[in-house]
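Work through the exercises below with the model open. Try each task before reading its solution.

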Amino acid sequence: MSTDLSHGSSTPDPGAGAVDVKDDGTKELGVPRSRVVLASLMGTTIEFYDFYVYATAAVSVFPLIFFAAGDEGAALLASMATFGAAFVARPIGSVVFGHFGDRIGRKATLIGSLLTMGIATFLIGLLPTYYQIGLWAPALLTIMRFCQGLGLGGEWSGAALLATETAAKGKRAWAAMWPQLGAPIGFLLANGLFLILTLSFNHDSTNPDMDGAFLTWVWRLPFLLSLVMVAVGLYVRLRLQETPVFQRAVDNDERVKAPLGEVFRKNWKELILGTFIMLATYVLFYLMTTWILSYSISSPEASGLGVPYADFLVLQLIGIVFFAAFVPVAGWLADKFGRKPTLIVITTLLVLFGLTFGWWLSAGSIGQGNELNTTQMMIFLMVGMALMGLTFGPMSAVLPELFPTNTRYTGSGIAYNVSSILGAALTPFVAQWLVLNFSVAHVGYYLSFASVLTLIALIIAPETKTKSLDTEAETVTLP
């Protein structure tokens, strides 16, 4: 039997990937399907919680205690630079964990990515501050942030493969949406906890009490709590078995020694397509979270709207609920109508949504400070986050389906995380520059431009709804 997986060619199988399926639609997984769902959802929830809890602290806490006092603007920029270290680390994490995921298996590698992120987050909660150890504090903080990026770089593709490679027949996108829910749930947990602690301990980010409880020890709690979440996630993942698709690849001796070289040699087109398919999703997310927060709470003198931080965070948390609600809708649509038609329609809506930013967000339209039209802002966030759920939901099916089994972990991870550099790391800075030099409407044009690039990639890409995840499906003997 041929074992060449280079192009993922197979006879189309309307099922989920040549996996044995009982009459009732339940797979021979060796474990309850609910455990697979829980493992994929819990892992990404923990990873995104860890990622976002740092993002929140990078704005409101770290500039005050991990960098030299004096120039607040310089301290904030330095803090955001450590935040950006994770985006450099994420592609590296996708290569490192992708290698082991394609060589030794999905289960073991997912445990490694979870521990990498969780331990780094916990250690941040124990770090001494600049006032205790000087420049060692920001140095250690940057190292821990880099480790967070490594962990997240390996987590997403592993969780996506865990879901897709164990999916029920005809429900691969639905199964794949579960790890996607980890992003909005992690965001809600991280920012919700920070909001509760901020209000409970009367922390005012505009006039911070450097000797108060919040900046002394309370800020550490969200980081330390990560260890509890990781312990639960580890318990769940240790009780899993290897995915049937990967196990068949092992049995058929289809693994390669160097997945990275293999995927660049034989699937470089899929890497490019996957990167740009994900681009608009990243741009939209970081506009609707990082940039809109900065734009809304900045003073009118700094071209912002002057909204109090706590007030806007409440609106944003409500908006995230719509993100979570529309992820399963997208999974259902992608299974029913196909990946390409679903995402082409959604991405077209993103192009149109971007063209409306000037009307939604200009100071003359929405108001500033106490005069802000809260209803208009809330509707904007609801629409944007609903679109985010729709575009993000199918991605954990689409990207893995582009690659063969023996490089699927590496290929999907690289595409996802390289896109994070293009669409996530640059977006907040580009958006702020556009506001300062042009107008808020141009931020929307930036989203529309990115969405057009994604549309082109989607049009070129193949439909993968009926593609078997077993490369040689016609010759594989089902268990």
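## Exercise 1: The second largest pocket

In the second largest pocket, α1 is the top contributor to the lining, with four residues. The model is a predicted one.

**Task.** Describe the second largest pocket: how much space lies in it, and which residues are closest to its centre?

**Solution.** 
- Step 1. Start with volume. The second largest pocket holds about 170 Å³ of space.
- Step 2. Go to the lining. It has 13 residues, and Arg33, Val37, Trp174, Ala175 and Trp178 are the closest to the centre.
- Step 3. Assign elements. At least two lining residues come from each of α1 (33–60) and α7 (172–180).
- Step 4. Nine lining residues are nonpolar, two are polar and two are charged.

## Exercise 2: The largest cavity

**Task.** State how many cavities of 30 Å³ or more there are. Then find which element gives the most to the lining of the largest cavity.

**Solution.** 
- Step 1. Count. There are four cavities of 30 Å³ or more.
- Step 2. Take the largest cavity. About 100 Å³ of space lies in it.
- Step 3. List the centre. Phe48, Tyr52, Tyr282, Phe285 and Tyr416 are the closest to the centre, out of 13 lining residues.
- Step 4. Assign elements. α1, α14 (268–297) and α19 (374–392) give two or more residues each to this lining. α14 gives the most, with four residues.
- Step 5. The lining of the largest cavity has twelve nonpolar residues, no polar ones and one charged residue.

## Exercise 3: A surface patch

**Task.** Phe201 belongs to a nonpolar surface patch. Locate Phe201 and explain why Phe201 counts as partly exposed.

**Solution.** 
- Step 1. Name the members. Phe201, Trp217, Leu221, Leu225, Val228 and Val232 make a nonpolar patch of about 510 Å².
- Step 2. Apply the cut-offs. Buried means under 20% relative accessible area, and exposed means over 50%. Phe201 has a relative accessible area of 34%, so Phe201 is partly exposed.

Key: Residues numbered from 1 in each chain as written. Predicted model: local features only at pLDDT ≥ 70, side-chain atom pairs only at ≥ 80, totals over all residues. Heavy atoms only, no water. 1 Å grid on protein atoms, 1.4 Å probe; cavity = no way out; pocket = protein on both sides within 12 Å on 5 of 7 lines; lining within 4 Å. Points joined across faces, edges and corners; volume = space filled by probe spheres on them. Nonpolar A, V, L, I, M, F, W, Y, C, P; charged D, E, K, R; others polar. Patch = residues over 30% accessible without salt bridge, like charges linked within 9 Å, V, L, I, M, F, W, Y side chains within 5 Å. Areas by Shrake-Rupley, 256 points an atom, 1.4 Å probe, with all protein chains shown as cover. Salt bridge = Lys/Arg side-chain N within 4 Å of Asp/Glu carboxyl O. Buried < 20%, exposed > 50% of the residue type's maximum accessible area, 1.4 Å probe, protein only.
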